[in-house]
Amino acid sequence: MENLKLALVGDIHGFWDRKDNEYFDNSNYDAILITGDFPGYLPLSGLKVTRGIANLKKKVYWIPGNHDSTNAVQLLGEILHSKWMIRLGGIGHRFRLTRLKRRMGDTICMGYSVADLDSKTVLVGARPLSMGGSLNFLPLLKKEFGVSSERESFERMKSLYPKIQGKECVLLAHNGPAGYGSKRDDIWGCDFRKKGGDWGDRDLLHFIEFLKERGEKVSLVLAGHMHHHIRDLGRDRTWKVNENSTHAVNAAKVPRILKDKEGNSFRHHVRLERKNGVWDCQEIFVGKKGEERISLPDEEVLFSSDTF
Ligand SMILES: [Fe+2]
Ligand SMILES: [Fe+2]
């Protein structure tokens, strides 16, 4: 089996700069995968990010997160389970998604789709725009993909099977699958409820089970959305789990640009490397001159004035 080297960038939320472009363009990654959520909390902060990523010379695959192409009314509607808010905010959603894809230039937007990473490895995009809990942004999912229930979402993923069969499978989602625990600091555990809960997507879990039942090799399950740091616990959640020959990785270190005590800034991504058929997943922190560190013991948050 050929060697393969992938960079996984978690939720960006405005934290992308020209050092990222320099580093990735000069790297030997075969491709860069991004879990989405480009904008920070200021309007237009996503533009700087999309411009930077669109300018990358490497092959880039990304999946829209719940902050990409959506607005505050929609997001609030999803949180409050308000159908009318979701519908009202959803006016023009298709246009905004198309515009975002155009801004992203030659990069490849994933979502209920399959792309070849090499002759024997496929990248499979799960349901786009997921924020966990249930199906999100239903009007868009209906119009764009004909999906209006978890069952239909599962069926939509299942319909990709002929393109996946017999290949090694790398799954890319915004929110991860259910089945990885219900403690608040589990990889996709619900941290915003005191009692916790499994915040993973059930349609994605069923799809992974479907592939495994057929003997397919699901090597990597890559996602973000549930940010690493859990403030009131004062620690980060589990970010990788290796179970039943599948590496699950949550790359959502937010903010992904950090600084150490001396004020040196570091940019986070996860290195996924297949050597002689074996995958290794490693957090990487890249300094200003492109130097790499595998940990950042005394990390502090770097607040960038134009993003947060
Ligand atoms: Fe998200
Ligand atoms: Fe996020």
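Me: Which residues are the protein donors of the iron ion (ligand 1)?
Reply: This is a predicted model, and the positions discussed here are computed ones. In it, the donor atoms lie 2.1 to 2.2 Å from the iron ion (ligand 1). Along the sequence the donor residues follow the spacing D-x28-N-x107-H-x50-H, and they are Asp-37 (OD), Asn-66 (OD1), His-174 (NE2) and His-225 (ND1).

Me: How many residues apart in sequence are the parts that Asn-66 and His-225 tie together?
Reply: Asn-66 sits in the loop between strand 3 (60–62) and helix 3 (72–80), while His-225 belongs to the loop between strand 8 and strand 9. Both Asn-66 and His-225 are buried. Because the two residues come from these separate loops, the pair joins parts whose distance in sequence is 159 residues.

Me: Which residues are the protein donors of the iron ion (ligand 2), and what is the arrangement of the four donor atoms around it?
Reply: The protein donors of the iron ion (ligand 2) are Asp-11 (OD), His-13 (NE2), Asp-37 (OD) and His-227 (NE2), at 2.1 to 2.3 Å from it. Their spacing along the chain reads D-x1-H-x23-D-x189-H.

Me: Which residue coordinates both the iron ion (ligand 1) and the iron ion (ligand 2)?
Reply: The iron ion (ligand 1) and the iron ion (ligand 2) are 3.3 Å apart. The residue that bridges them lies in the loop between strand 2 (31–34) and helix 2 (45–54), and with His-227 it ties together parts that are 190 residues apart in sequence. The residue that coordinates both ions is Asp-37.

Me: Is Asp-37 buried or exposed, and does His-227 count as buried or partly exposed?
Reply: Residues are called buried under 20% relative accessible area and exposed over 50%, with partly exposed in between. Asp-37 has 1% relative accessibility and therefore counts as buried. His-227 has 22%, so this residue counts as partly exposed.

Me: In what order do the six strands of the open sheet lie?
Reply: The edge strands are strand 5 (113–118) and strand 11 (240–243), each of which pairs on one side only. Strand 11 runs antiparallel to strand 12 (residues 246–250) and is joined to it by four bridges, with Asn-242 standing opposite His-247. The pairing in the sheet is mixed, and the order is 5-6-7-8-12-11.

Me: What angle does the direction of helix 9 make with that of strand 7?
Reply: Helix 9 (residues 202–213) packs on the sheet, where it touches strand 6 (121–125), strand 7 (168–175), strand 8 (217–224), strand 11 and strand 12. The direction of helix 9 makes with that of strand 7 an angle of about 175°.

Me: Which element gives the most to the largest nonpolar core?
Reply: The largest nonpolar core has 38 residues, and those with the most contacts inside it include Val-124, Ile-164, Leu-204 and Phe-207. Elements giving two or more residues to this core include strand 6, helix 6 (138–145), helix 7 (150–158) and strand 7. The element that gives the most, with five residues, is helix 9.

Key:
Residues are numbered from 1 along each chain as its sequence is written. Chains are lettered from A and ligands numbered from 1 in the order in which they are written. This is a predicted model: local features need pLDDT of at least 70, side-chain atom pairs count only at pLDDT 80 or more; totals for chains, interfaces and linings use all residues. Side-chain values use heavy atoms; hydrogens and water are left out. Two strands pair if DSSP finds at least two bridges between them. Contact means heavy atoms within 4.5 Å. Axes are lines fitted to C-alpha atoms, for helices over the stretch in contact, and angles run from 0 to 180 degrees between N-to-C directions. Donors are N, O and S atoms within 2.8 Å of the metal (3.2 Å for Na, K and Ca); water is not among the atoms, so sites may look incomplete. Buried means under 20% relative accessible area, exposed over 50%, partly exposed in between (1.4 Å probe, protein chains only). A nonpolar core is a set of buried Ala, Val, Leu, Ile, Met, Phe, Trp, Tyr and Cys residues joined through side-chain atoms within 4.5 Å.
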